[in-house]
Amino acid sequence: MMSTYKLLWIDDEIELLKAHVLYLEKKGYEVDTVTNGYDAVERCGEVTYDLILLDENMPGLSGLETLSRIKEASPSTPVVMVTKSEEENIMDQAIGSKIADYLIKPVNPTQILLTLKKNIHQREIVTEVAQSAYQQAFGQIGMQINDSLTLEQWIEVYKRLTYWELQLSETDSSMKEMLAMQRVEANTEFTKFIRKNYMKWMENHDNRPLMSPDIFKHNVFPHLDKGEKVFLLVIDNFRYDQWRMIYDEIADLFTIEEDLYCSILPTATQYARNAIFSGLMPNIIAKMFPDLWVDEDSEEGKNLNEAPLIQTQFERYRRKNTFTYHKINDSGAAEKFVQQMPNLLKYDLNVVVLNFIDMLSHARTESRMVRELASNEAAYRSITLSWFRHSAVADLFKVLAQSDYKIILTTDHGSIRCNNPIKVVGDRNTNTNLRYKLGKNLTYNPKEVLEIKDPHRAGLPSPNLSTTYIFATNDNFFAYPNNYNYYVQYFKDTFQHGGISMEEMMIPLITLQGKKR
């Protein structure tokens with residue numbers, strides 16, 4: 001044991017527990033003992049303990065009263081209640097006062113040791129076990145990375161890497177660096193996979209994985225055809241790891257079916273979300289509905305025509321279902337929306353776009369304070385979870401859990417944390433996105449990007465005859481040579497989207513059914 005842990009044992013019959021105290025001291029713990037609540041409270045004011053064992057039934061100040069005063073003096077110290085009684089009301093009061101655990105007398109040394117491991121050493125043990133398990137999985141994942149030939153196999157790799165990231169982020173493990181390196185390796189190989197297959201998918205729609213334009217046809221319309229009502233929730237810029245954080249929050253409310261699908265390129269709202277709502281690739285939208293497609297160089301918002309695009313898809317499939325469309329940008333709008341819910345239940349389909357995570361991503365780039373709050377991947381996930389818990393969106397899920405709606409929760413694209421600048425030169429008409437560029441006069445190193453010189457083959461509009469699209473890969477981002485250092489410093493370590501990575505392209509597609517408890 002690296003350092004001595006200090007325990008306080010409070011019991012009016014402490015003399016009878018001498019053998020237990022000696023046992024703990026032999027195990028390396030430093031144990032202080034007191035025989036009453038008053039002395040215990042005084043001692044807690046003088047010494048910081050790692051854990052306190054507290055007898056529930058003592059003369060004078062009772063165990064529950066002592067517990068209350070100890071919690072005032074040192075609220076974060078775990079207290080384990082030791083009791084002869086298993087009366088429900090005493091247990092309820094103790095648990096309500098946030099005891100860490102309880103033991104029933106007569107206690108034995110193994111029980112005590114177990115509660116110490118659980119309440120003092122849990123982080124060390126979890127770190128050790130997670131570290132050992134990931135070490136064993138490391139080689140297997142490496143083989144999977146090299147053997148993945150289909151998107152389904154890549155999804156499994158990405159899920160496994162995300163699982164280990166979530167496991168190790170809760171520990172002090174040095175394995176985090178090893179995992180980060182394996183993730184870079186995976187993204188390098190995933191880029192090769194996309195280079196090899198993307199254009200084939202674009203040319204053979206019947207033989208491609210599920211992609212943005214397929215969502216309504218494959219995941220919304222079949223439910224409507226069965227007479228089920230559908231609630232489609234699109235959280236902008238929502239990554240798989242962020243979904244896993246929310247999963248535990250709603251698992252009691254819903255039965256959950258989890259899938260991932262592939263975003264089209266660019267992994268940006270204008271392209272991917274418009275493709276979802278129209279059921280068409282961007283070049284077809286621009287050709288069939290030029291008034292609904294907004295060019296890159298336009299000052300107009302890039303996603304103002306989503307409801308009309310959904311309407312075009314309904315008309316193309318000659319569907320008579322009723323639908324509504326809503327965009328929620330802040331908590332006030334979410335609260336108003338929840339209040340409207342009774343009026344929406346008559347519609348076959350309700351489509352809701354939630355913009356918080358995309359706004360968080362942009363705020364993190366622009367605000368030093370937000371960048372501090374979301375300083376790394378784990379913090380970014382944590383803010384997403386906090387938003388979900390404390391916004392009206394959590395209330396929306398509770399209402400939906402009591403409804404007959406089939407809920408489809410998805411996104412248009414994810415994002416990746418960018419750290420490596422690569423130089424690109426473009427004219428004044430070049431778009432501002434850091435992960436993809438399009439233009440007729442782009443200068444770049446072809447080895448550093450995925451280039452598409454014939455946009456129509458990739459389902460993309462071509463504003464000019466000689467338009468080229470280029471996409472950043474791995475954690476690269478585009479930077480202009482003029483004012484290069486300022487640009488790099490400003491955008492390095494920010495979450496961006498538009499390019500090619502597992503995080504941007506393999507995104508959640510979740511089906512939920514309320515348990516109606």
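Student: In which sense do strand β6 and strand β10 pair, and over how many bridges?

Tutor: Strands of a sheet pair through backbone hydrogen bonds, either parallel or antiparallel. Keep in mind that this is a predicted model. Here β6 (residues 230–235) and β10 (residues 406–410) run in the parallel sense, with five bridges between them. To find your place along the pair, look at Val230, which stands opposite Lys406 in β10.

Student: What is the strand order of the open sheet of six strands?

Tutor: Read across, the order is β7-β18-β10-β6-β9-β8, and the pairing is mixed. The edges belong to β7 (254–262) and β8 (323–328), each of which pairs on one side only. From one strand to the next, the twist averages 15 degrees.

Student: Which strands of the sheet does α7 touch?

Tutor: Helix α7 packs on the sheet through β7 and β18 (506–514), and its direction makes about 120 degrees with that of β7. Another helix to look at is α14 (residues 331–344), which lies across β6, β8 and β9 (349–354). Its angle to β8 is about 165 degrees.

Student: How should I read the aromatic pair of Phe231 and Tyr405?

Tutor: Check the distance between ring centres, then the angle between planes; planes over 60 degrees apart count as edge-to-face. Phe231 and Tyr405 are 5.3 Å apart centre to centre, with 80 degrees between the planes, and form an edge-to-face pair. Phe231 belongs to strand β6 and Tyr405 to the loop between α18 (392–401) and β10, so the pair ties together parts that are 174 residues apart in sequence. The count for the model comes to 33 aromatic pairs.

Student: What is the pairing in the open sheet of three strands?

Tutor: That sheet is antiparallel, in the order β13-β15-β14. Because β13 (436–439) and β14 (449–452) stand at the edges with a single partner strand each, one side of each is left without a neighbour in the sheet. The twist here averages 15 degrees from one strand to the next. β14 and β15 (residues 468–472) pair over four bridges, and Val449 has Ala472 in β15 as its bridge partner.

Student: How many residues line the second largest pocket, and which lie nearest its centre?

Tutor: The lining has 22 residues, with Glu165, Ala180, Arg183, Glu377 and Arg417 nearest the centre. Elements giving two or more residues are α7 (151–169), α8 (175–203), α17 (377–390) and β11 (416–418). The largest share, six residues, comes from α8.

Conventions:
Residues numbered from 1 in each chain as written. Predicted model: local features only at pLDDT ≥ 70, side-chain atom pairs only at ≥ 80, totals over all residues. Heavy atoms only, no water. 1 Å grid on protein atoms, 1.4 Å probe; cavity = no way out; pocket = protein on both sides within 12 Å on 5 of 7 lines; lining within 4 Å. Pairing = 2+ DSSP bridges. Axes fitted to C-alpha atoms, helices over the stretch in contact; angles between N-to-C directions. Contact = heavy atoms within 4.5 Å. Phe/Tyr/Trp six-rings, centres within 6.5 Å; stacked < 30°, edge-to-face > 60°.
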